[in-house]
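The structure comes before the notes.

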Amino acid sequence: MAIRNSNLSTSTTDSTRTKREAATSHRHAAAAAHPSVSSGTVAKKKRALTLAGGGPAVGIGLGVLKALGEAPEIKFDVWSLSCVGAWLGCLYHVSPDRSDKYGYAERKMYDFFRDDDAYDKFPCPTVFVPDIPEWIAASLRFTVDPRSYTNLVVPKEILNGYNQLLDFYLTPSKWNYGEFCHLLLNAFLAPNPAARFLMSMIWKNDLPGISKLWYPHYDLLQSLDIDLLAGDDVPVLYHNAYNVDAQRLELFSNKDDKYQKITTETLCACSGLPYILSPVKINGTTYVEGATIDTVGFKDLLENHPDLDEVWVCRLLDTKEIHPHHNLVEALNNLVMLFAATTSTDDVKLFRFHLEKRNAEHNKKIALIEFAVDHHCGFEWTHSNLAASVLASHSSAKGRIHQYLRSGK
């Protein structure tokens, strides 16, 4: 009986060894068929990751980074960033805990948003901070400036207002809602010296934006150890900003000496969306948001890194995210996001065209890999919107990464 058990054990061992050898042979054959995937390890390639702008849609970018963090075999040597994508990328790499980069970035971004009940009656992010003392000072400067009182009384406009009022009274066909509103604006308010003074004090004082990001001693900015961006474990980062004085898009980098260094000040400059946020002056030069020109961040990417094998694109915006607006908050969001969504879509199309042309001219095969945009993402700066965007984007990005690992493209 003992002999039979021994023979059975030997037979089982031989069978197991045969199965293992067959499985190993199958894995080797699969690796030969797909050289980019070998026993779960991706072949070494030089990759670039672009994180686009999109304000409150940043949860899409967070979801992508979370999914990429779960696939450590996919590494990126270059990160090209725009607007809120620049904040996300830099926050990720300045984490004090180098083993929890995603968690640090997510927590910091969470603080940009408000609880839903708080946002309901105060619909703005926590970090777009109006400079109220400067508002008051700007109003006082306007009030004491003699030039503020020129053209307050314009006789021709006053006469024109009276004529409009008389014409309205004598023309019954004009007794409709649209004409009445037109009359209020142009016959009553526009010629009125008090209304003209108030209008110009609000809209033509020397305050260049309704809010600001750049405050030299702002705790949010001082809490970021930007020096960590120079570490060996950090890839080459770029973000853009538009130089209004020279009328050109410029790049900033942590390691590329051709460009100015990334600082908290340059991060604020790259997000200085005109009207919403004041421009930022750096060494006397005025900068505003670069995503208004290059939403995704393709500028000079191939010129600076011609040896790239892959460019991965994370857009935050798409026109399918735009929905009918019902109040001024939603209208302002649509005003900004509609053009930004169109620009980012066009940026990718144009980059793909140039990439195909460059590949043909240089006999290369630089691949363009896109993450899908979550069309259900909203534009509210609420924690529920952020969480829902992260969840949906993470699931979608995991699927895209799985497809890449399976097919190599």
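How many bridges join strand S10 to S11, and do they run parallel or antiparallel? Strand S10 (residues 280-282) is joined to S11 by 3 bridges, and the two run antiparallel. This is a predicted model, in which local features need pLDDT of at least 70, side-chain atom pairs count only at pLDDT 80 or more, and totals for chains, interfaces and linings use all residues. Residues are numbered from 1 along each chain as its sequence is written, and side-chain values use heavy atoms, with hydrogens and water left out.

**Strand S11 and its partners**

- Strands (E, at least two residues) and helices (H or I, at least four) are DSSP runs, numbered from the N terminus; two strands pair if DSSP finds at least two bridges between them.
- Lys281 has Thr286 in S11 as its bridge partner.
- S10 and S11 form a hairpin with 2 residues between them, and Asn283 in the turn has a positive phi of about 55°.
- Strand S6 (residues 236-243) is also antiparallel to S11, with 3 bridges; Asn243 is paired there with Tyr287 of S11.

**Helices H6 and H9**

- H6 (residues 132-144) packs on H9 (residues 193-203) at an angle of about 135°, with the axes 9 Å apart; axes are lines fitted to C-alpha atoms over the stretch in contact, and angles run from 0 to 180 degrees between N-to-C directions.
- In contact (heavy atoms within 4.5 Å) are Ser139, Phe142 and Thr143 of H6 with Phe197, Ser200 and Met201 of H9.
- The residues of this contact comprise 3 nonpolar, 3 polar and no charged.

Methods
Ala, Val, Leu, Ile, Met, Phe, Trp, Tyr, Cys and Pro count as nonpolar, Asp, Glu, Lys and Arg as charged, and the others, Gly among them, as polar.
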